[in-house]
Amino acid sequence: MKRWAIWLPLGLFLAFFGLFASGLLKPDDRLITSKMVGKPVPQFALPAAASDRPALSSADLATGQPRLLNVFASWCVPCAAEAPQLMALKQAGAQIDAVAIRDARPDVDRFLGRWGNPYSRIGLDARSSLQIAMGSSGVPETFVIDGKGVIRHQHIGDIRAEDVPVILAKLAEAR
Amino acid sequence: MTVRGLIALILLVLATPLVAQTALPPAPYADRQLDDPRLEAKARDLMLTIRCLTCQSQSIADSNASMAGDMRSQIRERIAAGEEPEAIRTWLIDRYGDWVSYEPTAAPILWPLWAAPVLLLGLGFVLMRGRIRRRKGKV
């Protein structure tokens, strides 16, 4: 046996130790970003999710003006937390449509009555089919969609106050 | 058990979880097998290798998350409609990236994974040859 070989186990140990230590110290990243960013919104037509807002189809998202598509649900707690930020976005001139995931109309009506309704159109996605087709992995998420109906940006999780300028900038970029 | 303990227990049983999932019933084929066992086997093999987006270390076949249920139902319906499992896998990878599939691909980042068994076998062979030679030398 050559002399250097005696150091091999220690070397291997240190290599694995370094690998595991870096994996433990690196902040946990569980966000699954959509690979649909840069692609057109998939074709869909969903029924209306709320009593006082029209239904939503893919044609409504290609109107020549950039829009936001908010993926939310009445049973989702962070969706209520982002309601003031969506209102702020609407006041800043953003057009916001929404899709309610696995929801029912009375629940959506109650949710919007309680937290406010910043949406122009709301589609009801009872089987998460649009959510899966968009590559969205949970609620809430917000997509920036340009005038041609192409997805330009995905915001994962609830919109915090500091995210509002970022989303407005992405909307302006999509113009 | 004291009366107070009993009341606490009853309240605990009746309490709804804070982070509740949807109240909607599961999609039709989320927890129901396809009638054709051949198609069901196809769907099942695919579902076992598709990763759940909610509970990220389970396959959608194992997960109780509502989104996993919706994905199971969609996969069964699409397989019943004649779609091939690999086409559905590609469709999902187009949306969520390689992340969503447990089946390793031939992407360059995975080459070390495929090369490892060959390298280890080669190493074993070299070690074995060395041993045999040394033993022969002794005799």
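**Group meeting: a two-chain predicted model**

Chain B is divided into domain 1 (26-103) and domain 2 (110-139), with bounds that come from an automatic or database domain assignment. Taken over C-alpha atoms, the centres of domain 1 of chain B and domain 2 of chain B are separated by 41 Å.

Before I go on, a word on the source. This is a predicted model, in which local features need pLDDT of at least 70 and side-chain atom pairs count only at pLDDT 80 or more, while totals for chains, interfaces and linings use all residues. Residues are numbered from 1 along each chain as its sequence is written, and chains are lettered from A and ligands numbered from 1 in the order in which they are written.

I stay with chain B for one residue. B:A107 lies in the loop between helix 4 (85-96) and helix 5 (111-138) of chain B; helices (H or I, at least four residues) and strands (E, at least two) are DSSP runs, numbered from the N terminus. Is B:A107 buried or exposed? B:A107 is exposed because 9 other C-beta atoms lie within 10 Å. The scale is as follows: a residue is buried if 20 or more other C-beta atoms lie within 10 Å of its own, exposed if 12 or fewer, and partly exposed in between, with C-beta atoms placed from the backbone. B:A107 and B:D36 are 71 residues apart along the chain, and their C-alpha atoms are separated by 35 Å.

I turn to the sheet of chain A. Five strands of chain A form an open sheet in the order 5-4-3-6-7, and the pairing is mixed. Two strands pair if DSSP finds at least two bridges between them. Which are the edge strands? They are strand 5 and strand 7 (151-156) of chain A, each of which pairs on one side only. From one strand to the next, the twist averages 20°; here axes are lines fitted to C-alpha atoms, for helices over the stretch in contact, and angles run from 0 to 180 degrees between N-to-C directions.

Strand 3 and strand 4 of chain A pair in the parallel sense over five bridges, and A:N70 has A:A98 in strand 4 as its bridge partner. Strand 4 of chain A also runs parallel to strand 5 of chain A, joined by four bridges, with A:A98 opposite A:I122 in strand 5. Strand 4 of chain A is largely enclosed by the rest of the structure, because five of its six residues are buried.

Next, the cores. A nonpolar core is a set of buried Ala, Val, Leu, Ile, Met, Phe, Trp, Tyr and Cys residues joined through C-beta atoms within 7 Å. The largest nonpolar core has 39 residues, of which A:F72, A:A73, A:V99, A:A100 and A:I122 touch the most other members. Among the elements of chain A that give two or more residues to this core are strand 3 (67-72), strand 4 (96-101), strand 5 (122-125) and helix 6 (164-173). Another core, of 17 residues, lies apart from it and includes B:A43, B:M67, B:I79 and B:I88.

What is A:A100 in contact with, leaving aside its neighbours within four places in sequence? Its partners include A:A49, A:F72, A:V108, A:I122 and A:L124, where two residues are in contact if their C-beta atoms, placed from the backbone, lie within 7 Å.

A:V144 is found in strand 6 of chain A, and A:V144 counts as buried because it has 25 C-beta neighbours inside 10 Å. Beyond four places in sequence, the contacts of A:V144 include A:P66, A:L68, A:I167 and A:L171. The C-alpha atoms of A:V144 and A:A172, 28 residues apart along the chain, are separated by 10.0 Å.

Some backbone details follow. A:R102, in the loop between strand 4 and helix 4 of chain A, has a positive phi of about 45° although it is not a glycine. A:R102 counts as buried, with 27 C-beta neighbours inside 10 Å. A:S128, likewise not a glycine, has a positive phi of about 55°; its place is the loop between strand 5 and helix 5 of chain A. A:S128 is buried, with 27 other C-beta atoms within 10 Å. The peptide bond from A:V139 to A:P140 is cis, with omega near -10°, and A:P140 is in the loop between helix 5 and strand 6 of chain A.

I end with the contact between the chains. How many residues does it take from each chain? It takes 19 residues from chain A and 21 residues from chain B. On the side of chain A that touches chain B, helix 5 (residues 129-133) of chain A gives the most, with three residues.
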